[in-house]
Amino acid sequence: MPTPLLNVAATCVGTHALGPGRRSVVWVQGCPFDCTGCVAPEWIPQRTARLADSCDLAAELLSDPDVTGLTFSGGEPMLQAEALAAVARHARRTRDVDVVCFTGFTLERLRTRPPSPGVADLLGEVDVLIDGVYVAARDDGRGLRGSTNQRIHRLTGRLSGFDFEGAHRQAELHISGGEVLMVGVPPRGLLPALDDVTGTVTGAEIGSQEETA
Ligand code: SF4
């Protein structure tokens, strides 16, 4: 049976800016929300970006032997739940990674009216789910979430020692092929400062989302 393809906006192998430990990150392309202040508006359109085989992508994410966890963000991961669940399953056959996932949908909505096939499968692979859309007025500059309306759901006991609400925010700049990828939930004042320095920032963690209508 063919493995599902994932429509990928960007990846980062090996970061300390998006969760506990050393992690690899997948940002998916396409989001149904339109949050004011979204730091990655180029990843909102539902267009084909990079189509990746879930098994190949899992191998890519684990190509750093020190990676202990995966983070899924976007875009909206729950619109590609089936393929992301496959990525997590493939990765875990190789290494017992933990999984953190951002979503703009609330957990209640995901359970009662899943927006795509495979949502239950993906929730079954996720250790910590950060739900809700980004609300700029509620961005307190703290934690691994973009705004205080977002909730941290610990779906398993893993990562219980990490303070997602109060963690000091950090960001990394990954530069490749003339493009700058910002990884992390940006601390206050970082994006204007980056614009001054680089002119263009091509990607970033989004970190906030919410229930859809
Ligand atoms: S902040 Fe997240 S949920 Fe909101 S538009 Fe951007 S990618 Fe979508």
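Seven strands make up an open sheet here, in the order S3-S1-S2-S4-S5-S6-S7, with mixed pairing. Strands are DSSP runs of E, at least two residues long, and helices are runs of H or I, at least four residues long, both numbered from the N terminus; two strands pair if DSSP finds at least two bridges between them. S3 (50-53) and S7 sit at the edges with a single partner strand each, so one side of each has no neighbour in the sheet. From one strand to the next, the twist averages 30°. That angle is taken between N-to-C directions, from 0 to 180 degrees, using axes fitted to C-alpha atoms (for helices, over the stretch in contact).

Keep in mind that this is a predicted model, where local features need pLDDT of at least 70, side-chain atom pairs count only at pLDDT 80 or more, and totals for chains, interfaces and linings use all residues. Residues are numbered from 1 along each chain as its sequence is written, and side-chain values use heavy atoms, leaving out hydrogens and water.

Helix H1 (residues 54-61) lies across S1, S2 (23-28), S3 and S4 (69-73), at about 90° to S3; contact means heavy atoms within 4.5 Å.

Now hop over to S6 (residues 128-131). Val128 and Ile130 point one way, Leu129 and Asp131 the other, and all are buried (under 20% relative accessible area with a 1.4 Å probe, protein chains only; exposed is over 50%, partly exposed in between). Side chains alternate between the two sheet faces in a regular strand. S6 runs parallel to S5 (residues 98-103), joined by four bridges, with threonine 103 partnering aspartate 131. With S7 (residues 151-154), S6 pairs in the antiparallel sense over four bridges, and isoleucine 130 stands opposite isoleucine 152.
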